[in-house]
Amino acid sequence: MCRTTEDDMMLVHDLHPAGFVAALAAIVLIGLCPGACAQETRGDLKRRLENRRSEIENAWLKFSDRSLPAVDRAMAVSGVGSFVTPEQAEGAARIFKDATEPVEIRAQALRRIPNVGSDPALSGDVFRVLADQTAPKELREAAGDVVQGVLISAPTIRTRMPEYLALLRGMTDDADQDVRERAFAILASQGDDFATQKLIESLRTPEKAVLPPAKSARLLAQNPHGDHRPVFLSVLQQPPDRATEVEVIRGLGGYAPAKDALQSRGRDVTAPKEVRSAALQAMLATDKSAFIQVARDVVEQDEAPDEVRMMAIEGIGVARRAPGVRYDAGAVDRAVKKALDSKAPALRRAAWNSLKQFDPKFGDYANQAADKEPNPELKSAFKAQIQELRSPRDSTTRPSRPQR
Amino acid sequence: MRSFRPTFLAWCALLTGLVATLPAQAQLSVEILVNGTEDPTDDYVTWAPTRCQIRVHSSTNVTGDVNVVLDSPTADQAGEVLFGEALPFPARSVATEEMLPMSLPASSDWREFVIAGKFERPSTADKDAVIVVRANDPGAAVIGEHRLMVRVRKNANRLTPAERDRFLTALATHNMVEGRYAPYQDIHALASSQAHGYTAFLPWHRAFILRLERELQAIDPSVALPYWRFDEPAPNVFNLDFMGVSSGWWVQFSSANPIRLWSLPGFVGINRAPTFLPSQNPLVVDEDAIVGAPASYWYLCNPLESNPHGRAHVEAGGGGSLGFLDTAVRDPLFFLLHANVDRLWAKWQWVNDLFDNGPYAYWPQGSAPSSDPWTGHYLGDTMWPWNGVTGPPRPVSAPGGAFPVSTRYQAPPSTPRPASVIDYRGRVRAESDLGYCYDDVPHN
């Protein structure tokens, strides 16, 4: 542990005058050398923390001063994440509720009130601002952020949830799409049936949609409680647009009845790459043995986008390491080996890495593969790896001793 | 003072002794045990003192005590340890010496000493620190070496690429290969009032993230949970090679990122809609304001849970998984965020020296009266789900089983209580050490 300068000075007092000068010079040098004794003591830290509280108090005094222009008041708290003392918190709550204050200042005050969740009356006020279609957008946005924060940090508010959920349901047809999305997101995270049904309706009948279908699918997938996947599977038969198709595919990961649909999307050379990538990733989460079969075919598809083939190779690497996965290792290695001849360097690198890790015969052809690698950088990396494989570090050798 | 003049006989005796011991000195070697075992998988230390033993190797033929000096040489980016004498192990004993002279008996009996990671000199690679033993003086020949790692939780924004990749690889293996991550989501989604909204918020999450860290260390022992310091910009965290970059909703990763194919049952990928750019930080209470909270637990826990914790979730997650309690764990950023929350508690503990189980360090004391809705939050209550208790006021099920007991650390027990995790570095009782520390929170 570093000693403090005060400690050093105490030692210095006991020294001979010549030693005193030398020691003083040493202390000055240590002080000049950044990091030489950088550790902050408890005392240093406590002083810094006190200074910080003073800074926040000064910022609060400026912010709460109505005689100052709004821009100056806002600027005063730009470096303050939250007020800290009860007096500051109460003052900020008063400003938030004061309709005569500028909207920007009210929003800034709301964002800096600590512990909204522990004040039921204030929580209710914030929910009501969020639900109030006549409230200024900036204030509603701040209210939305604060409400979401309260729900994650003070779930005790759930005792009043029926009241709040009713307010949020009322916001699902708000004129402002951002507010609608926020309301749906919160409701979906709470597993709210009303919101789930409305989102499913949006997904099935786009003409009645309260949100674009892709966004409805995203929010449905957010609900950890409900089972939206049968709906997703039926939407996948005839998706309204590509974005929605990708979202429902992602939501089907791990859903066994979707396996066939995901396999065919993953293999489909006519499907767009984002659809195929999503399908492969969803397959990997659903059935690793089946994934390897699909991925093997994809790796062998010369016409498949490099990005999709690379994802297939990487996914194979993940699946092969999982316990209980059944596959024909030789066939997989042969397929991956073909990718060493592809045009994309990144794909060749992925194939090389995979073979190096899994193919027991890798040593037989590694040199030849490295020799024919056209990219000089890759070639030298491959050669270096071969060298490493041939002379593994002797684990019994003591590592060379670092010098002080 | 009369100077010492050895007699002729004394010189003869000394020369004879030297000649007699020369062959033995040539073969001299020592053995070192870290944590009292020969098992190299537990040779990981923090800033907290760790017990070690040393002896002259049993095959060495020496007579009389052997004087040795223990040292931990410095090398760029390598970990370094300090030494201390093995006093009867009071929890507050420390290792503060750069070198430690010791006298070892020829009988090969073990002698004890303690080591601790040197603050601000953690390891960056597995077993990059070394204890070097020399005979007699610091310049003499090396007669023994023992490699170990000073493993601490670090600021995620400052990890070396190798540290970052080891962490991500372990995380990807844990979830994608071993399939052990999904229960964390189930536990946190069900935890609700067992882990939030009151005082067990901090101890419950301390245990929760420690469990993941220990499972990652079973995959790669050189890994420690990094923390996302959310009151500072973290461009090295929010980039394609680490926690990814949000493209508005779905997070994008580089092709080399081990968590690129991240998925959980029913949810493929990571969604995040942060309100700040990778070069910025969310608008949260800054560290000094939190750590400077009055020295009484209630004044820390409640504000900390609200802001910065809740605010960081919402600003980083937006409408995505991290922004909601029931889905937050889907995004592995959750663990970096909560490591920082835990660090803030740890730093506040250090500033106020509150590692005991007294009312300033934790509140409420005692155990919950029966059917108290805050059961689980009292100091002596067992914490769900590790206690396996279900039914009101506990949740309907308890996924994940008991807390896995470590072979290296006695704490926490399989059914942890808030009281089990407060003294996380074993400052009050050595056996309370949970085996982790933070790069910027000293031990003493």
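Biologist: What covers the buried residues of α14(A)?

Modeller: Please bear in mind that this is a predicted model. The cover of those buried residues includes α11 (193-204), α12, α13 (229-237), α15 (259-267) and α16 of chain A, together with β13 (267-268) of chain B.

Biologist: How many residues of α14(A) are buried?

Modeller: Eight of its ten residues are buried, so the helix is mostly covered, with buried meaning under 20% relative accessible area. The buried set consists of Thr244(A), Glu245(A), Val246(A), Glu247(A), Val248(A), Ile249(A), Arg250(A) and Gly251(A).

Biologist: What does Asp241(A) reach at the start of that helix?

Modeller: One of the side-chain oxygens of Asp241(A) comes to within 3.3 Å of the backbone nitrogen of Ala243(A).

Biologist: Let us step back to the whole chain. How many helices and strands does chain A have?

Modeller: Chain A contains 22 helices and zero strands. Of its 404 residues, 47% are buried. The chain exposes about 19800 Å², and carbon and sulfur atoms supply 52% of that area.

Biologist: And what share of the contacts links residues 24 or more positions apart?

Modeller: Among contacts in chain A with a separation of 6 or more, such pairs account for 57%.

Biologist: Now the interface. How many residues of chain A are in contact with chain B?

Modeller: On the chain A side there are 73 residues, in contact with 78 residues of chain B. The area buried between the two chains is about 6100 Å², and carbon and sulfur atoms give 55% of it.

Biologist: How many salt bridges does the rule find across it?

Modeller: The rule finds three salt bridges between chain A and chain B. In a salt bridge between Arg48(A) and Asp288(B), the N to O distance is 2.7 Å.

Biologist: Which elements of chain A give two or more residues to the side that touches chain B?

Modeller: They are α3 (42-63), α6 (103-111), α8 (137-153), α10 (177-189), α12 (213-222), α14 (242-251), α16 (273-286) and α18 (306-321). The most comes from α3(A), with eight residues.

Biologist: How do the residues on that side divide into nonpolar, polar and charged?

Modeller: The side of chain A that touches chain B has 30 nonpolar, 22 polar and 21 charged residues.

Methods. Residues are numbered from 1 along each chain as its sequence is written. Chains are lettered from A and ligands numbered from 1 in the order in which they are written. This is a predicted model: local features need pLDDT of at least 70, side-chain atom pairs count only at pLDDT 80 or more; totals for chains, interfaces and linings use all residues. Side-chain values use heavy atoms; hydrogens and water are left out. Helices (H or I, at least four residues) and strands (E, at least two) are DSSP runs, numbered from the N terminus. Buried means under 20% relative accessible area, exposed over 50%, partly exposed in between (1.4 Å probe, protein chains only). Contact means heavy atoms within 4.5 Å. Accessible areas come from the Shrake-Rupley method with a 1.4 Å probe; for residues, only the protein chains shown count as cover. Buried area is the accessible area (1.4 Å probe) that two parts lose on being put together, summed over both. A salt bridge is a side-chain nitrogen of Lys or Arg within 4 Å of a carboxyl oxygen of Asp or Glu. Ala, Val, Leu, Ile, Met, Phe, Trp, Tyr, Cys and Pro count as nonpolar, Asp, Glu, Lys and Arg as charged, and the others, Gly among them, as polar. A polar contact is a pair of N or O atoms within 3.5 Å; within protein, one must be able to donate a hydrogen and the other to accept it, and residues adjacent in sequence count only if both atoms are side-chain atoms.
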